[in-house]
Amino acid sequence: MKCGAARVSITPDTSILLSGYRPDFRSTGVHDELFVSALILEEGDTRVCILTFDTVSIQRETIGVIRKACGKTINIPENAVFCTASHTHSGPRIYPEWRRENSPEDNQYRELVIKAAARAA
């Protein structure tokens, strides 16, 4: 079996709304960086990618986009890319919450996370 691992920072560089708090709760600085971590496992002709995101959760639609991006990057089927979240409440959100719709800031961060996942893979 072959394996490889990498991680890419997904720490925002500016104050941003945080997930899991009241709708107007913003970050005030960085205590610890946030990452997307990738583990690639290969056995024979089978290769899988396991991604862990330092976020509260990941929306199904976003997972689909991430699977496409990573599958294309490392030439594996989309259904061989698995995503999980660490469930931190100290990071931005990348999905609409029941309290409000995504802002342009949320959407920009979501795009950063998708690109970082493809780089990690």
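## Strand pairing in the sheet

In this predicted model, E1 and E2 run antiparallel and are joined by eight bridges, where two strands count as paired if DSSP finds at least two bridges between them, and where helices (H or I, at least four residues) and strands (E, at least two) are DSSP runs numbered from the N terminus. Within this pairing, Val 8 stands opposite Val 36 of E2. Strand E2 (residues 35–43) is in turn joined to strand E3 (residues 46–53) by eight bridges, again in the antiparallel sense, and Glu 43 has Thr 46 in E3 as its bridge partner. The two strands E2 and E3 form a hairpin with two residues between them, and Gly 44 in that turn has a positive phi of about 60°.

The pairing of E3 with strand E4 (residues 81–85) is parallel and extends over five bridges; here Cys 83 in E4 is the bridge partner of Leu 51.

## Helices and their packing

E3, helix H1 (residues 60–74) and E4 make a right-handed β-α-β unit, a crossover being right-handed if, with the strands pointing away from the viewer, the path from the first strand over the helix to the second runs clockwise.

H1 and H2 pack at an angle of about 35°, with their axes 8 Å apart; axes are lines fitted to C-alpha atoms, for helices over the stretch in contact, and angles run from 0 to 180 degrees between N-to-C directions. The crossing of H1 and H2 is right-handed, a term used if the near helix is turned clockwise from the far one by less than a right angle, and left-handed if anticlockwise. The contact (heavy atoms within 4.5 Å) is made by residues including Val 65, Ile 66 and Ala 69 of H1, and by Arg 110, Ile 114, Ala 117 and Ala 118 of H2. The residues of this contact divide into seven nonpolar, two polar and two charged, with Ala, Val, Leu, Ile, Met, Phe, Trp, Tyr, Cys and Pro counted as nonpolar, Asp, Glu, Lys and Arg as charged, and the others, Gly among them, as polar.

## Loop residues

Asn 75, found in the loop between H1 and E4, has a positive phi of about 60° although it is not a glycine, and Asn 75 is exposed, with a relative accessible area of 68%. His 87, in the loop between E4 and H2, also has a positive phi, near 70°, and is partly exposed at 46%. Ser 27 lies in the loop between E1 and E2 and counts as buried at 13% relative accessibility; buried means under 20% relative accessible area, exposed over 50%, and partly exposed in between (1.4 Å probe, protein chains only). Residues up to four places away in sequence not counted, Ser 27 touches Thr 14, Ser 15, Ile 16 and Leu 18.

## Basis of the values

Residues are numbered from 1 along each chain as its sequence is written, and side-chain values use heavy atoms, with hydrogens and water left out. Local features need pLDDT of at least 70 and side-chain atom pairs count only at pLDDT 80 or more, whereas totals for chains, interfaces and linings use all residues.
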